[in-house]
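These are my notebook entries on a structure that I looked up.

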Amino acid sequence: MKTGLLAAAIVCILISAGCAQSARPADDVRDVFPDETARAVAMAACNNDVAALQEMIAGGTDIDAAGRHGVTPLIWALTCHGLQFNDMIANEAVRRGPGAVRPAPALRQLAAVEVLLAAGADPNAMIDGEFGPVYPGGTAHWIDRYTPMLIAAEFHEPEVLALLLAHGGDPNAMRGGGGATALMLAYDRGEWLDLSPQLAPYDNRQWRNMFMLLDAGARIDLAPENQLDIVVQASRHRVSIASRLLREYDYSGDINGIVYYLLNGLDMDFPGREERLELLAWLRDERGVDVEAVRAWYWRAQDEEPQP
């Protein structure tokens with residue numbers, strides 16, 4: 001299947017799953033912060049009212065007091081004006097045509113976020129309940145068990161992520177319950193948005209977030225059990241990214257899995273044939289990988305697949 005057709009298929013799947021519906025707005029600030037003081041901090045942060053925040057901080061207000069669901073004023077500031085989810089982008093691509101979709105504007109309350117962090121707001125606090133929009137047609141909340149680091153990695157521009165990292169954000173942050181890492185969320189978002197001309201032109205903020213996390217010490221081979229790390233993922237459809245990751249960062253993960261997906265891409269005639277061949281040659285010559293042994297295993301696996 002060609003990449004453009006794959007993107008179109010994904011868009012159709014999303015629509016059939018209910019993505020034509022709008023996700024409900026984030027919870028009301030009064031519901032999330034029943035305490036008046038905490039609510040005042042959250043509202044000032046959302047409105048980028050730096051003077052009000054500084055006055056409250058000078059008066060000894062706890063600017064990191066969590067409301068319901070573990071939501072802190074910092075989390076509220078990162079989400080209160082909405083988040084641009086993949087299915088919403090798909091809706092716009094289908095409704096308005098390729099090239100019509102634009103990224104959400106930069107976070108308007110960046111100064112307030114910086115004030116909160118400088119005053120000790122926790123960039124690793126985790127949402128522990130049903131907060132934020134739900135999947136259309138379902139009951140699961142998009143950002144349950146997310147931290148500010150995960151929200152920034154997936155949804156915000158690099159300037160936001162850099163602020164969180166500078167104030168103790170964990171580059172190896174992982175969604176609660178053994179979910180995706182910040183690195184995986186940044187990669188998945190980048191791959192999805194960059195999948196085909198159906199969604200282009202788009203920005204590259206998530207690719208930049210991914211490399212920023214790596215440069216800050218994120219483990220490139222870290223992934224929850226039974227999930228692929230970002231290098232193995234990239235070897236399927238983003239070979240140029242996989243090649244850069246392998247050449248620039250210390251990787252000790254599933255090399256055979258990478259070779260398998262490169263061979264599979266050749267077998268399926270995916271775009272990027274020369275890139276795949278070049279990376280296979282580099283793995284053989286520079287990393288000492290026995291590509292032919294993996295190739296033999298790959299073809300045996302294909303022969304052993306049950307026939308329809």
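I began with the aromatic rings and found that Tyr 260, Tyr 261 and Trp 297 form one aromatic cluster. I worked on a predicted model, in which local features need pLDDT of at least 70 and side-chain atom pairs count only at pLDDT 80 or more, while totals for chains, interfaces and linings use all residues. Residues are numbered from 1 along each chain as its sequence is written, and side-chain values use heavy atoms, with hydrogens and water left out.

I noted the rule for ring pairs: rings of Phe, Tyr and Trp (its six-membered ring) pair if their centres lie within 6.5 Å, and planes under 30 degrees apart count as stacked, over 60 as edge-to-face and the rest as tilted. By this rule I recorded 5 aromatic pairs.

I then looked up the accessibility of Tyr 261, which is partly exposed at 22% relative accessible area (buried means under 20%, exposed over 50%, partly exposed in between, with a 1.4 Å probe and protein chains only). Arg 236 lies over the face of Tyr 261, 5.8 Å from the ring centre. The charged end of Arg 244 sits over the ring of Phe 211, at 3.7 Å from its centre. A charge sits over a ring if NZ of Lys or CZ of Arg is within 6 Å of the ring centre and within 35 degrees of the ring normal.

Next I turned to Thr 72: is this residue buried or exposed? Thr 72 counts as buried, because its relative accessibility is 3%. I located Thr 72 in the loop between helix H4 (50-58) and helix H5 (73-79); helices (H or I, at least four residues) are DSSP runs, numbered from the N terminus. Leaving aside residues up to four places away in sequence, Thr 72 touches Phe 33, Asp 64, Ala 65, Ala 66 and Ala 125, where contact means heavy atoms within 4.5 Å.

My last entry concerns helix packing. The axes of helix H8 (residues 148-155) and helix H9 (residues 158-166) come within 8 Å and cross at roughly 155°; axes are lines fitted to C-alpha atoms, for helices over the stretch in contact, and angles run from 0 to 180 degrees between N-to-C directions. H8 and H9 are therefore roughly antiparallel (angles over 145 degrees; under 35 count as roughly parallel, 65 to 115 as roughly perpendicular and the rest as oblique). Among the residues that meet are Pro 148 and Met 149 in H8, and Val 160 and Leu 161 in H9.

Note on methods
Helix = DSSP H or I, 4+ residues; strand = E, 2+ residues; numbered from the N terminus.
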